[in-house]
Amino acid sequence: MAGNWKMYKTAGETTAFFEKILPLVALSTHCDIVIAAPFVNLPAAVAAAAGSRVEVGAQNLYWAKEGAYTGEVSGPMLSAIGCRWVIIGHSERRQYFGETEETVLKRTKAALEHGLRPIVCVGERLKERESGNTDQVLQTQFEGGIAGLSEAEFAKVTIAYEPVWAIGTGKTATPDMAADAHRFLRGLVSAKYGAEAASRTRILYGGSVKPDNVKGLMAQPEIDGALVGGASLDAASFATIVNF
Ligand code: PEP
């Protein structure tokens, strides 16, 4: 269960969030719990989460180890501060910051090289769903952004299926719609990396997951977890999702 805070919260608010949520998820051993905070809040998040079951993630990274890349943050920098996960290829990065399949793959390889666990996002836009191209879009994103990984690299990847039309809109894919997309993605994984890898792969659903719809989504055996935006900003609400 992963929370994507996007560009929300100060360092002080980060610490306050962890103080509230840690007791609420202390017994939640059924899943990994990740909060992906803005870069500047990662040290506060790591300090506040120390000794708990909650791990900390970033929302992006640059693929070079270091260099003259003003404004970027690298894998070694994230690992060094105790960050363990990183979201890659979120639709907002694709839409506003020029993310492509090629850059998703480069970032994913860099994350793995530096001991970070990538959560790689894929998902179709409304136009693409309405024109019946969802599978085609997912296949293109999988082939360009993920299938270039070796078997060993892929084994450490979590996929997040996030239909763009459901992100931040309050429109959730129905559990059946989400499960269909997950099944299709798992089929792509199976064709590329084999049936065992496909059954091991964790595919998260993301798109307006809330305390009141998480149960229905998680009842689908195809859905292994959730990537949660808005509802992860409130400790009680995210804890309810974690403890669905
Ligand atoms: C997200 O940011 O990945 C997301 C799914 O957002 P929301 O839950 O707010 O739709």
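1. Please keep in mind that this is a predicted model. In the second largest pocket, α4 gives the most to the lining, with three residues, and the elements that give two or more residues there are α4 (91-96), β5 (117-122) and α7 (134-145).

2. About 270 Å³ of space lies in this second largest pocket, which is lined by 18 residues, and those closest to its centre are R94, G123, R125, Q141 and V164. By class, the lining of the second largest pocket comprises five nonpolar, seven polar and six charged residues.

3. The largest pocket holds about 550 Å³ of space, and of the 23 residues that line it, K6, M7, Q59, R93 and F97 are the closest to its centre. Its lining divides into eleven nonpolar, six polar and six charged residues.

4. K6, which is listed among the residues closest to the centre of the largest pocket, is also listed among the closest to the ligand, together with E162, G168, S208 and G229. In total, 14 residues surround the ligand, and this shell is made up of four nonpolar, eight polar and two charged residues.

5. G230 takes part through its backbone, with a polar atom 2.8 Å from an oxygen atom of the ligand. Taken alone, the ligand exposes 290 Å², of which the protein buries 97%.

How values were computed
Residues are numbered from 1 along each chain as its sequence is written. This is a predicted model: local features need pLDDT of at least 70, side-chain atom pairs count only at pLDDT 80 or more; totals for chains, interfaces and linings use all residues. Side-chain values use heavy atoms; hydrogens and water are left out. On a 1 Å grid over the protein atoms alone, a cavity is a set of points where a 1.4 Å probe fits but cannot get out, and a pocket is an open set with protein on both sides within 12 Å along at least five of seven lines; lining residues have an atom within 4 Å of a point. Grid points are joined across faces, edges and corners, and a volume is the space filled by probe spheres set on the points. Ala, Val, Leu, Ile, Met, Phe, Trp, Tyr, Cys and Pro count as nonpolar, Asp, Glu, Lys and Arg as charged, and the others, Gly among them, as polar. Helices (H or I, at least four residues) and strands (E, at least two) are DSSP runs, numbered from the N terminus. A residue is near a molecule or strand if one of its heavy atoms lies within 4 Å of it. A polar contact is a pair of N or O atoms within 3.5 Å; within protein, one must be able to donate a hydrogen and the other to accept it, and residues adjacent in sequence count only if both atoms are side-chain atoms. Accessible areas come from the Shrake-Rupley method with a 1.4 Å probe; for residues, only the protein chains shown count as cover.
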